[in-house]
Amino acid sequence: MLSPALRGALRTVGAGGAPEVGGLFGSSWPGLFLAGLLTAPSYGPSMRFVFGAEYTAPRLVRGVRRLRSDARGGSVGRPRTGGKAPVPA
């Protein structure tokens with residue numbers, strides 16, 4: 001799914017040459033975050049998507065929020081859906 005040029009630019013890890021990911025699941029390409037089986041060479045076999053999702057998801061979201069916050073120069077809130085907030089029952 002990634003272009004050959006992008007794949008060639010990524011730092012890799014393991015015998016299979018999987019992209020290396022850091023503590024917040026960001027790759028060496030700015031703004032590219034990875035999850036699932038692809039991250040097993042960096043974090044171990046428990047990162048298979050179903051088993052590793054509970055560990056990966058909050059860290060990956062923190063990484064994206066940090067990146068977005070740094071780019072905007074401030075904090076990042078929840079995304080807007082465009083609709084009104086639901087009225088409590």
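A salt bridge is a side-chain nitrogen of Lys or Arg within 4 Å of a carboxyl oxygen of Asp or Glu. The model is predicted: local features need pLDDT of at least 70, side-chain atom pairs count only at pLDDT 80 or more, and totals for chains, interfaces and linings use all residues. Residues are numbered from 1 along each chain as its sequence is written, and side-chain values use heavy atoms, with hydrogens and water left out.

**Exercise 1.** Find how many salt bridges there are, and state the exposure of the partners.

*Solution.* 
1. Apply the rule: the count is one salt bridge.
2. Glu-20 pairs with Arg-11; their closest N and O atoms are 3.0 Å apart.
3. Glu-20 is at 31%, so it counts as partly exposed.
4. Arg-11 is at 53%, so it counts as exposed.
5. Side chains of opposite charge can pair when their charged atoms come close.

**Exercise 2.** Classify Pro-19 as buried or exposed, and list its contacts.

*Solution.* 
1. Pro-19 has a relative accessible area of 12%, so it is buried.
2. Contact means heavy atoms within 4.5 Å.
3. Skip residues up to four places away in sequence; Pro-19 then touches Leu-10, Arg-11, Thr-12, Val-13, Leu-34, Leu-38 and Ser-42.

Conventions: Buried < 20%, exposed > 50% of the residue type's maximum accessible area, 1.4 Å probe, protein only.
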